[in-house]
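Open the model in your viewer and follow the stops below in order. Each stop gives a selection and then what is found there.

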Amino acid sequence: MRLNEENERCLLYLDTFTRKPLIATAERQLLERHIPAILDKGFMMLMDGHRIEDLQRMYSLQAISSYIQRTGQSIVMDEEKDKDMVSSLLEFKASLDSILEESFSKNEAFCNTIKDSFEHLINLRQLIAKFLDEKLRDGNKGTSEEELEGTLDKSFGFIQGKDVFEAFYKKDLAKRLLLGKSASIDAEKSMISKLKTECGS
């Protein structure tokens with residue numbers, strides 16, 4: 001309810017670009033600061049109620065989150081492998097998706113844990129804008145339109161802090177267009193359309 005109120009205030013009185021940082025701040029103040037207390041109380045209720053399946057799920061979720069962060073950080077923090085980093089992360093994500101489907105029957109809680117852990121990883125360093133810039137440059141003309149579109153979709157799904165990403169992306173887009181370095185105008189238009197949907201015009 002409070003988040004909806006903040007959203008409505010922003011629509012009525014503030015610039016549209018204020019909405020995302022405002023909602024993020026509200027979420028931090030209203031939710032993130034209280035997570036330990038919420039989890040602690042929730043855990044006590046599960047223990048007192050002898051909720052075995054829920055406790056197993058909680059343990060499994062923590063274990064899979066730790067695994068993703070540990071494995072992912074070994075990829076992300078290795079600066080010598082910057083060139084292949086995002087590709088390696090996307091392969092890692094494909095592997096996790098396969099496990100999610102085959103072992104966890106696409107359980108929503110596991111799906112959200114994987115998504116959240118992965119978003120944190122992929123945004124530890126501002127790699128996505130750089131990766132997309134490389135993919136959209138004319139050096140990748142050997143890549144088919146379908147492959148390029150698939151790469152854009154996969155990459156865009158994990159961007160947090162879209163305002164920061166947008167700033168990096170605009171700069172790279174301007175360079176590609178001004179220097180005539182774009183691999184595909186259709187791909188550029190597709191990416192701009194995705195950005196409009198997520199970030200506004």
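A crossing is left-handed if the near helix is turned anticlockwise from the far one by less than a right angle, and right-handed if clockwise. This is a predicted model, in which local features need pLDDT of at least 70 and side-chain atom pairs count only at pLDDT 80 or more, while totals for chains, interfaces and linings use all residues. Residues are numbered from 1 along each chain as its sequence is written, and side-chain values use heavy atoms, with hydrogens and water left out.

The crossing of H1 past H2 is right-handed.

Now show the side chains between them. Arg2, Leu3, Glu6, Asn7 and Cys10 of H1 meet Arg19, Leu22, Ile23, Ala26, Glu27 and Leu30 of H2, where contact means heavy atoms within 4.5 Å.

Next, select Leu132, Leu136, Leu152, Phe165, Tyr169 and Met191, which have the most contacts inside the largest nonpolar core, of 16 residues. Such a core is a set of buried Ala, Val, Leu, Ile, Met, Phe, Trp, Tyr and Cys residues joined through side-chain atoms within 4.5 Å; buried means under 20% relative accessible area (1.4 Å probe, protein chains only). H7 gives the most to this core, with five residues.

Technical notes. Helix = DSSP H or I, 4+ residues; strand = E, 2+ residues; numbered from the N terminus. Buried < 20%, exposed > 50% of the residue type's maximum accessible area, 1.4 Å probe, protein only.
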